[in-house]
Amino acid sequence: MSRQMSLGLFPLGHGHNVGSWRAAAARKDDLLGLDYYVNLARLCERGTFDMIFFAEILYSYEQNGRHCGQLAYPTLDPVVLISAIAHATENLGLVATYSTTYTDADATAAKFATIDRLTGGRAGWNIVTTGADQSAHNFSQREHPEREARYTRAQDYVDRARALWREWPSSAQKRPVLVQAGMSPYGRAFAATVAEVMFTVSRTIEDGRKFRVDIRALIAEKGRDPDQVKVLPGIAPIIASTEAEAKRKEDEFFDLVHPRIQLALLADQFGMDFTGYALDQPLPIDDIMKAPHVVSGARDPSRLIQKIDGQMPTLGAYLRQSSRVRSHQSFVGTPEQFADHMQRWFETGACDGFNILPPVIPGEFETVIDHVVPILRKRGLFRSAYPGKTLRDTLGLTPLAAA
Amino acid sequence: MSVRACAPSSNDIDWAAFATAAERTGFDTLVIAVSPGFDPLTAAALIMPRTHRIRLAPEVGVDRGEPFTVARGLAALDHLSKGRLTWCVGAITDAARAREFVEVTRRLWQSWQADAISFDKADAVFSDPAKVARINHQGTAFQVRGPLNTPRPPQGRIPLMVDAGSPLADLADIVIGRDGATVERRALGDLR
């Protein structure tokens, strides 16, 4: 059989659009109840998706030392979440992020061993070193460790987990699938050593190809088979039956981003107050660079901005992109056009599939399952049934002899 | 009456079937004990949707790890189970650290007031900044700023279960006697 795509769903809140909780369908209790997540898991399985993936946040959003009522929506422990939805699915891969910087390796290894065994080998661990400074203060640390130190710790941590998994009773796939999501040079080197799935950020097809060529070379350099690593860039689709309708939908979604949310988002990204700046004026880069502080030391404002097609965007244009899906690519069009787009990326070596980041949930994900997946199947680009039981089987990774 | 279950070394008992049987028999709590390579909280999350009434009491230790991790994990399952969770703390080697651990965990649960989520779509206020606050804990074993990133669990304070003789007995809501009999120290309805 010819090569087929891998597809994952990455749900976040009521959608990746920062105003998505204001959509008509969003309800107050959604994010704290089981039904909301079970529905998403079942949608994934109807669309024979490889996996559902939950992120981890280790602090509550604040601005100027105060809770931010616009951006601080709740997030639940991702391992508890994937465990609680497991009963509703039979084949779906269940992937949770867990930080190696602020948790105990033995405890984390036991968590993933438990879900992997009790689900018959469907678990995956997205290994992150945590990029947010704010987390340190919740974990008895004075400051967030530097990137190099974090990755050194991550390598030791994963080595320890793998040693424990060899010791403990193993699951149907021997151990959880290892996933990685960092794009820095340290992140890439780490991924090339341990990852089997990579969640990436590529905004253009050229970026995607270059990244995949580079990482495959690095994987081979580390003595591993590059075909055993799936590179899945994130993408946020806005799909409707005509292009004009999809564009209207895009406008409606931007309308969800209330001016108060816009200001909160900009303050979060650039550490300054944008009250009084006009949406149709170019982004005030000089003022931004002079701002007394950037919220997170990991962020370089000029890098965020350059991501808008190489040109200085207006404040409004910047917000349109950033409020929808942060720095990931988005797509606006018909189901056929989206399938064409995915096919082009997949067949020209820019990816091995995608991680879908719906801007509004569940609506924009239902559209993908009901209208895009059937096209991909008809073209032979995506499965119609799960090939086996474990996540490794689904991803088409070679079975392991031992953990 | 509660039933206490340990994972055998093979780890492959059918936990959901066991929990359903315990529920059918009329047990009110299933205590899930820790064993090597087996995480009771994760198992409790897997079992929870297959049961309806029985309280789940995973053993979550306080000898290692950080209160933030424990607070958010227990809070998540308390939300998803609509308040069916009990926190069973196992063996303790450092009593002072354990007491501080429990204190910080409880303060993190309280860092969101019960009505903090306003969900005001018109004014774009998801949660009320006046009702979510840092805890600023500066202790001997832990320094935790907070707030938690998960709203207050439905039970407010998830009941704490310990064995008789535990150095946490005075902090506990449920103490299991040496003969295995449960002594309820406080009515569960009073915990908010």
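1. A salt bridge is taken here as a side-chain nitrogen of Lys or Arg within 4 Å of a carboxyl oxygen of Asp or Glu, and by that rule there are 5 salt bridges between chain B and chain A. One of them joins A:Lys111 to B:Asp39, with 3.7 Å between the closest N and O atoms.

2. The model is a predicted one, in which local features need pLDDT of at least 70 and side-chain atom pairs count only at pLDDT 80 or more, while totals for chains, interfaces and linings use all residues. Residues are numbered from 1 along each chain as its sequence is written, chains are lettered from A and ligands numbered from 1 in the order in which they are written, and side-chain values use heavy atoms, with hydrogens and water left out.

3. Between the two chains, 53 residues of chain B are in contact with 62 residues of chain A, contact meaning heavy atoms within 4.5 Å. The buried area, that is, the accessible area (1.4 Å probe) that two parts lose on being put together, summed over both, is about 4800 Å² between chain B and chain A, and carbon and sulfur atoms give 60% of that area. There are also 22 residue pairs in polar contact between chain B and chain A, both residues being at pLDDT 80 or more; a polar contact is a pair of N or O atoms within 3.5 Å, where within protein one must be able to donate a hydrogen and the other to accept it, and residues adjacent in sequence count only if both atoms are side-chain atoms. On the side of chain B that touches chain A, the elements giving two or more residues are α2 (40-47), α3 (67-80), β5 (117-120), β6 (125-127) and β8 (143-144) of chain B, and the largest share, 8 residues, comes from α3(B).

4. Chain B has 4 helices and 11 strands, helices (H or I, at least four residues) and strands (E, at least two) being DSSP runs numbered from the N terminus. Of the 192 residues in chain B, 58% are buried, where buried means under 20% relative accessible area, exposed over 50%, and partly exposed in between (1.4 Å probe, protein chains only).

5. B:Thr51, in the loop between α2 and β3 (55-58) of chain B, counts as buried because its relative accessible area is 3%. Setting aside residues up to four places away in sequence, B:Thr51 touches B:Ala19, B:Thr20, B:Glu23 and B:Arg84.

6. Another loop residue of chain B, B:Gly156, lies between β8 and β9 (160-163) and is buried because its relative accessibility is 3%. Apart from neighbours within four places in sequence, B:Gly156 is in contact with B:Trp109 and B:Gln110.

7. In chain A, strand β10 (residues 329-333) is mostly covered, with 4 of its 5 residues buried. Strand β9 (residues 230-239) of chain A runs parallel to β10(A) and is joined to it by 5 bridges, two strands being paired if DSSP finds at least two bridges between them; A:Ile238 has A:Val332 as its bridge partner in β10(A).

8. Which residues are buried in helix α5 (residues 185-194) of chain A? They are A:Gly187, A:Phe190, A:Ala191, A:Ala192 and A:Val194, and the buried residues of α5(A) pack against β6 (123-128), α4 (147-167), β7 (177-180), β8 (197-200) and α6 (205-221) of chain A.
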